[in-house]
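The following report goes through a single chain, residue by residue and then as a whole. Please read it alongside the sequence and the coordinates.

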Amino acid sequence: MVKQMSESQKSCPHCAEIVADEAILCRFCDRGISKEHYKNCPFCAEMIWTDAVFCRYCRSTLNGKSAWPQPSRKRLFTLDEAATLFKLDDAAIDKIFEKIGVKKK
Ligand SMILES: [Zn+2]
Ligand SMILES: [Zn+2]
C-alpha cells in the first residue's frame, strides 16, 4: 500500500511513519521529531528534550556531571549492584573487575 502524504503531514525521520506536521513526538516510535523541542544527544544522537539534563536512551548526563556512581578503586561492589547501577551484562562487568584489579568471586 502506498502511503499518501498530505500537506499537514510529514514522515518521521526515525521510523518513516506518517505523522502530523505539528507533531513533536512520533506516535509510532515515541521519538522526538521537533527541532524546536528536541535536540540530538551528543553521545548517542537520539532525540531528547532540549532542556533535558539526562539522556533516556544512553543514560548520559548532559550537564557535564555523571549521575551514575563511578566504580571506586577502594569500593568493591557486588555483581548485582554493578548490573543494577550500570545495566551491564556479564562481559562488561568482567571488564570492570579486570580494570579495577578485583578478582571476581
Ligand atoms: Zn517514528
Ligand atoms: Zn544519549
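## Strand 2 and I18

I18 counts as partly exposed, because 15 C-beta neighbours lie inside 10 Å; on this scale a residue is buried if 20 or more other C-beta atoms lie within 10 Å of its own, exposed if 12 or fewer, and partly exposed in between, with the C-beta atoms placed from the backbone. I18 belongs to strand 2, where strands (E, at least two residues) and helices (H or I, at least four) are DSSP runs numbered from the N terminus. Between I18 and S6, which are twelve residues apart in sequence, the C-alpha to C-alpha distance is 9.4 Å.

## Basis of the model

This is a predicted model, in which local features need pLDDT of at least 70 and side-chain atom pairs count only at pLDDT 80 or more, whereas totals for chains, interfaces and linings use all residues. Residues are numbered from 1 along each chain as its sequence is written, while chains are lettered from A and ligands numbered from 1 in the order in which they are written.

The pLDDT, the predictor's confidence in each residue from 0 to 100, averages 77 over the chain, and 70% of the residues score at least 70. Where pLDDT is low, the predicted coordinates should not be read in detail.

## Elements and overall burial

The chain contains four strands and two helices, and their order from the N terminus is β-β-β-β-α-α. Of its 105 residues, 6% count as buried. Contacts, meaning pairs of residues whose C-beta atoms, placed from the backbone, lie within 7 Å, can also be sorted by sequence separation: among those in the chain with a separation of 6 or more, 4% are between residues 24 or more positions apart.

Helix 2, residues 90-99, is hardly covered, since the count of buried residues among its ten residues is zero. Just after helix 2 comes G101, which takes a positive phi of about 70 degrees.

Most residues other than glycine have a negative phi, and most peptide bonds are trans. A16, in the loop between strand 1 (9-11) and strand 2, has a phi near 70 degrees, a positive value in a residue other than glycine. A16 counts as exposed, because 12 C-beta neighbours lie inside 10 Å.

D30 is likewise a residue other than glycine with a positive phi, here near 65 degrees, and its place is in the loop between strand 2 and strand 3 (38-40). Why does D30 count as exposed? The reason is that D30 has 9 C-beta neighbours inside 10 Å.

## Other loop residues

K35 also lies in the loop between strand 2 and strand 3, and it counts as exposed because 11 C-beta neighbours are found inside 10 Å. The C-alpha atoms of K35 and M47 are separated by 8.9 Å, with the two residues twelve residues apart along the chain.

V53 is found in the loop between strand 4 (47-49) and helix 1, and it is exposed because 12 other C-beta atoms lie within 10 Å. Which residues does V53 touch, not counting residues up to four places away in sequence? They are T61, L62 and N63. V53 and N63 are ten residues apart in sequence, and their C-alpha atoms are 5.8 Å apart in space.

Conventions: Two residues are in contact if their C-beta atoms, placed from the backbone, lie within 7 Å.
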